[in-house]
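Hi,

Here's the structure I promised to pass on. Have a look at it first, and my notes on the aromatic side chains follow below.

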Amino acid sequence: MPLKRLPDKAPELTAFEAGYLVSPNGEWRSVRPVIDMERCVRCGQCYLYCPDGAISPEISVDYDFCKGCGICAKICGKGAVAMRKESDYAQLHQRK
Amino acid sequence: MSARDLDAREFFFGHKACAGCGGSLAVRIALKVLGERTVAVLPAGCMSAVGFNFPQLAFTNNALITPFAAAASVMTGIEAGLRRRSVKNVRVVGFAGDGGTADIGLQALSGAIDRGDNILYICYDNEAYMNTGIQKSGLTPHGARTTTTPHKGSRRPKKDMLAIVAANGVNYTASASIGYLDDYMRKIKKAAGITGAKYIHVLAPCPTGWGVNTDETVEIAREAVDVGFWPLREYENGTWITNRAPSRPQDLERHIKRQGRFKIEKRYQED
Amino acid sequence: MRSFISGNDAAAAAVHLARPQVISAYPITPQTTVVERLAEFVEDGSLDAEFVHVESEHSALSVAMGASLAGVRTFTATSSQGLLYMAEVLPYAAGGRFPVVMVNANRSLALPWNIYGDQRDSLSQLDSGWIQAYAENAQEVLDLTLMAFRVAEDPSVRVPFMVNLDGFHLTHTYEVVELPEQAQVNVFLPDYDPGENQIDFESPRNFGFSAGPEWNASFHRSHHEAMLRAWDVIDQAERKFHAIFGRRYPGGVDAYRCGDAEYILVTLGSVSGLCRETADSLRDHGVRAGILRLRYLRPFPHEAVREVLSPAKATAVLEKDISFGGAGTVFTNVRSAAPAQLNVIGGLGGADISKERIAGIFESLIQGESGVKWL
């Protein structure tokens, strides 16, 4: 989901555009889910049980908002989700 | 109901709940069942604290925070106001924690049920005041340690909210668990089709407060049903139904022992 | 049409004419008859509104707030302990800028228990962010309540409005009141337009959210500035009111014989008439006495108070209130605008305030007394 920019000033009223996101949650992660699409049978259980809605119905992970809780790996009946150390991806982050 | 029947859009997204939070899953799924013409009403508690920090606003539908004790009353007002304006095909849903429901919000909830207001009240029960740092609530189970029952654990049993709302004359009530989302989704859909006051009580473990790992939330919620700790029930037209008999009651002790909150030091143990 | 009714009846009549769509209230003496009348109007079909039977004052205002968010005109009424029971919701409704109109029947606070009139209830809530006005008679109760909807709902204000009337002295005393025609009220009071402050399914919003230290003050400043803007809106409303109904109101203060006054007594509410009578008698004996009745306490009429009081030799404030260990709250507020020497605390728990006692206050002023004095 794309982020929006910080408002220039506060609104007059405590009423504001719904679903306005200015910061991601991905930095919270110490481990990340990596899905083996060969094993995945598209049952949708990881999508369903993700508390953050960070896995789409098409089974792709939104790493900006995945917190790395690992529920998807536990719920997967096919062992298709592996939790990998985030440090292995640190370089990738830097490049990004 | 299954994943395929849900609205593919996310209505509670980008929130700052802890990783593995059961309450946020309960809110997310309920909104995906109810859809965009839903007003979400949240009293003080975890979900309002993590969902509404201006300018990070995580609800994509109409949503608001209410005073702690006032979720049900604000819902009544919204429902009445929208009805007066002839706004059709709309649902007013509340998401309150266990403290906001069984303790401070109980009077307003009783009032709304008594009036038969057309609202759906969902209690996401993580069994303590988690937002303020794990204090005992009226729904903390016997024996669970919290920061206000720090050594011996709660000495009182959990209030039976389903019996309370039934005695108040609720039109429909059910217990649910985030470990069995198919059952939870079916109950939300059913409640949405009933006119009058509806109450769903969903067990939503908190990894931080329960002393379990972040990836165990769903599993522990499922296990609570399987071992008979949290029965899945429904009440409609004066009749109680048990939806699911405990499949492995023999594992009750193991279920309790794996949770950090039930570990009592020897010197504080009483019989 | 002229009618012989009580202050509470006058409040209910105004609400009936203002046509709110959701009313929620919980009974408490001496407010009860306001709620009874409104329930009657709804049941006999003369008022097409939802009357919500709530289980507490906390819920009464919470329901009104929810209905306001749904985009409709709302009303509630309370008194005393009830006002304090809804105290948590008062700044909530104000901070959310929900233009709920409330009638508060001023009554003493426990302990000791007492059902009679003083103003400690509403004065204790001056900082809750509501507009607060005080009526002197039943006609003004009706007129202020009508104006309350217009002012509170004005897009440049959007602040809830509390109309105060003295318990029993006004709530239960019968007076001749001019009842406006519905057609006139419809001209005076436009339909409520909540603007952005309402649930919207085309462009959904989040409401009543948290705002951390970097954003918080901005919301409060907007609220404060809206309160200050209310003066213009009150002025316009009073002009329009005069044009339609023929009754003229003077804004924040009602000054009586203050122009050349050496000694001025500041008052609030129903005791003001007797104070004016006393000033007339004193003037017959050569004392240049004046009475300044405050009509609004929030926003506070700083300029008007300063203008009236500054030329006077000495000023006293008579009030049915005490901030224990301090002084009367009205006195403290008056002193934020102009010098005032003497604070007289009287009428607590419905105690009688006689003409002789009022004359005594002027006597004290002439003697140069100052500080807090109990009547």
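Let me start with a charge over a ring: the charged end of R276(C) sits over the ring of Y256(C), 5.8 Å from the ring centre. Chain B has a case of this kind too, with the charged end of R222(B) over the ring of Y180(B) and 5.3 Å from its centre. Keep in mind that this is a predicted model.

Over all chains, the count of aromatic pairs comes to 22. One of them is F65(A) with F13(B), a tilted pair at 4.7 Å centre to centre and 55° between the planes. F65(A) belongs to the loop between α1 (45-49) and α2 (71-75) of chain A, while F13(B) is in the segment before α1 (22-34) of chain B, so this pair joins two chains. Both F65(A) and F13(B) are buried.

Then there's F229(B) with F262(B): the ring centres are 6.3 Å apart and the planes are at 70°, so the pair counts as edge-to-face. It links distant parts of the chain, 33 residues apart, with F229(B) in the loop between α9 (217-226) and β9 (232-236) of chain B and F262(B) in the segment after α10 (252-257) of chain B.

Cheers

Technical notes: Residues are numbered from 1 along each chain as its sequence is written. Chains are lettered from A and ligands numbered from 1 in the order in which they are written. This is a predicted model: local features need pLDDT of at least 70, side-chain atom pairs count only at pLDDT 80 or more; totals for chains, interfaces and linings use all residues. Side-chain values use heavy atoms; hydrogens and water are left out. Rings of Phe, Tyr and Trp (its six-membered ring) pair if their centres lie within 6.5 Å; planes under 30 degrees apart count as stacked, over 60 as edge-to-face and the rest as tilted. Helices (H or I, at least four residues) and strands (E, at least two) are DSSP runs, numbered from the N terminus. Buried means under 20% relative accessible area, exposed over 50%, partly exposed in between (1.4 Å probe, protein chains only). A charge sits over a ring if NZ of Lys or CZ of Arg is within 6 Å of the ring centre and within 35 degrees of the ring normal.
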